[in-house]
Amino acid sequence: MSALLEAYLEEEGYRRVVTSNDPAGTVELLRDSQASLLLLDLVMPGVSGFDVLANVRADPELKYLPVIILTAANDAEHKLRALNLGATDFLSKPVDRSELVLRVRNSLAFRAYQDRLASMDPVTGLANRAMLVRRLKGTIRAAERTGSGFAVIQVDLDRF
């Protein structure tokens, strides 16, 4: 992602912008950073953005990650191919700042809504098993990466 796009997002309050020039390591980076959104350029050195998108969609943890495609190609063939691979939105280059911010905001809001439906009990509003498993996996990866430890405590309440 260009420094200009990063600056646009940071000016709008998005502080956790992670960039990479290593398309081959995208899936690992997205998992490690627990990304909420991917801005993906279709034209990158050494690899096609279509290949990166296919790899992201093949990963079970990233299957539903919103992906906004950045492209100078506005033809139907490119858009259809990206949609078939799981892209959620498109931005034409050069990117308009207000359009970028709107698309990012809408994608993140929809993602938050989906996450809430999938991760919370609708009656109590408490985290469900799916959220526990997701957070535990992230904690395990972080502990492996940093060499630190962690503990899991289970409390069982009878007749609750």
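I began with glutamine 34, which sits in the loop between α2 and β1. A reminder to myself that I am working with a predicted model. I checked the backbone here and found phi of glutamine 34 near 50°, a positive value in a residue other than glycine. That is worth a note, since most residues other than glycine have a negative phi.

**The buried face of α2**

Which residues of α2 are buried? I listed Thr26, Val27, Leu30 and Ser33. Looking down the axis of α2, I saw these buried residues fall within an arc of 145°, so they line one face of the helix. The spacing made sense to me: an α-helix has 3.6 residues a turn, so residues three or four places apart point the same way. I then asked what covers the buried residues of α2, and the cover includes β1 (38–41) and α3.

**α2 against α3**

Next I took the helix pair. Two packed helices are described by the angle between their axes and the distance between the axes. For α2 (residues 26–33) and α3 (residues 49–58), I noted axes that come within 9 Å and cross at roughly 45°. That angle makes α2 oblique to α3. The crossing is right-handed. I wrote down the contact residues too: Thr26, Val27 and Leu30 from α2, with Val52, Asn55 and Val56 from α3. Sorted by class, this contact of α2 with α3 has four nonpolar residues, two polar ones and no charged ones.

**α3 against α4**

I followed α3 on to α4 (residues 76–85), where the axes come within 9 Å and cross at roughly 20°. An angle under 35 degrees counts as roughly parallel, so α3 is roughly parallel to α4. I logged this crossing of α3 and α4 as right-handed. On the α3 side I found Phe50, Leu53, Ala54 and Arg57, which meet His78, Arg81, Ala82 and Leu85 in α4. This contact of α3 with α4 divides into five nonpolar, one polar and two charged residues.

**One more backbone check**

Where is proline 94? I placed proline 94 in the loop between β5 (89–92) and α5 (97–119). The peptide bond joining lysine 93 and proline 94 is cis, with omega about -5°. I flagged it for a second look, as most peptide bonds are trans.

Methods
Residues numbered from 1 in each chain as written. Predicted model: local features only at pLDDT ≥ 70, side-chain atom pairs only at ≥ 80, totals over all residues. Heavy atoms only, no water. Axes fitted to C-alpha atoms, helices over the stretch in contact; angles between N-to-C directions. Helix = DSSP H or I, 4+ residues; strand = E, 2+ residues; numbered from the N terminus. Parallel < 35°, antiparallel > 145°, perpendicular 65-115°, else oblique. Left-handed = near helix turned anticlockwise from the far one by under 90°. Contact = heavy atoms within 4.5 Å. Nonpolar A, V, L, I, M, F, W, Y, C, P; charged D, E, K, R; others polar. Buried < 20%, exposed > 50% of the residue type's maximum accessible area, 1.4 Å probe, protein only. Arc of directions from axis to C-beta.
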